[in-house]
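Notebook open, model on screen. I'm jotting down what I look up as I go.

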Amino acid sequence: PFTAITTPIPGACGMIGPAAGPTMSTIFSEKLFVRFAAEFRPHLSAVGLDESIFTAPDIEIPIEACSQLLERVAEDDPSIAVRMGQRMEPADLGVLGHAMLASRDVRQLLETLSCFIHVVVQDKEIRLDLSRDHAVVSYRFVAQDAGPYRRDVEYSVCAIAKCINVAVGRTIRPLCVEYEHARPDYAKAYSAAFDCPVRFGRGGNRLHYERSTLELPVASRDSRLYQALRFFLEDKLKSRRQDDD
């Protein structure tokens, strides 16, 4: 049995579901797009975006356009989203990434990511569940009509694993990785990325780790900086909620 440890914190970290009415779910540019400018640039106009996503971290982009962008990049190179996830850095998430790098240990890092992911991107959920021996990190779209998002899932699950590795300063191999989608022709790219069993057609998108992984210290931990960044993130999360309302 697993126990969820990412339960909402009143006033700060409640889960945000799909917004009512015609509001559009968005993702902040931060530095996410700058790292992959070479891959994205040729496809911007096709999905209604422009060069501002590379220069202005406070630009908000529709999640649908972001997913379409990843899908278009993958038309020429189907496995590229997996490799992009391996190149991601926590700082690409802006203040959230810096708070992750200031966290005490992997558990606090993952709790922070789960708690404040909506500061950067809406309609996505990252959840941490525990059993006696295992820790499972799950990733999913909250909206049921999110459209084509397979490459987003490929990228995001790889990116979470990469953030953990960067934070602790070494490679932590998962026990196994699960994806909802069927096994693709380029499954070897997953094996190279995770160096562990990868299973497809499962009931969720999940990273399985030994529970002791959560106790690993973050190399750049800084409790005072973490508290300052968390205060900022709580304020930003409240603003996001008001936008949804």
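Is tyrosine 190 buried or exposed? I found tyrosine 190 buried, with a relative accessible area of 0%. For my own reference, buried is under 20% relative accessible area, exposed is over 50%, and partly exposed is in between, using a 1.4 Å probe and protein chains only.

Before going on, a note on the source. This is a predicted model, where local features need pLDDT of at least 70 and side-chain atom pairs count only at pLDDT 80 or more, while totals for chains, interfaces and linings use all residues. Residues are numbered from 1 along each chain as its sequence is written, and side-chain values use heavy atoms, with hydrogens and water left out.

**Aromatic pairs**

I looked up the ring pairs next and got nine aromatic pairs in the structure. Rings of Phe, Tyr and Trp (its six-membered ring) pair if their centres lie within 6.5 Å; planes under 30 degrees apart are stacked, over 60 edge-to-face, and the rest tilted.

I picked tyrosine 179 and tyrosine 190: their ring centres are 5.0 Å apart and the planes sit at 70°, so I logged the pair as edge-to-face. Tyrosine 179 is in the loop between strand 6 (176-178) and helix 7 (187-194), and tyrosine 190 is in helix 7, so this pair ties together parts eleven residues apart in sequence. My helices (H or I, at least four residues) and strands (E, at least two) are DSSP runs, numbered from the N terminus.

Tyrosine 179 also counts as buried, at 0% relative accessibility. Its ring pairs with phenylalanine 200 too: the centres are 6.1 Å apart with planes at 15°, so that pair is stacked. Phenylalanine 200 lies in the loop between strand 7 (198-199) and strand 8 (205-210), 21 residues from tyrosine 179, so I noted this as a link between distant parts of the chain. Phenylalanine 200 counts as buried, at 15%.

Elsewhere, ring pairs join Phe33, Phe36, Phe40 and Tyr155 into a cluster.

**Helix 3**

Which residues of helix 3 (residues 80-87) are buried? I got Ile80, Ala81, Val82, Met84 and Gly85. The buried residues of this helix pack against helix 1 (37-40), helix 2 (63-76), helix 6 (150-168) and helix 7.

**Whole protein**

I listed eight helices and eight strands. Of the 245 residues, 55% count as buried.

Definitions and conventions
Contact = heavy atoms within 4.5 Å.
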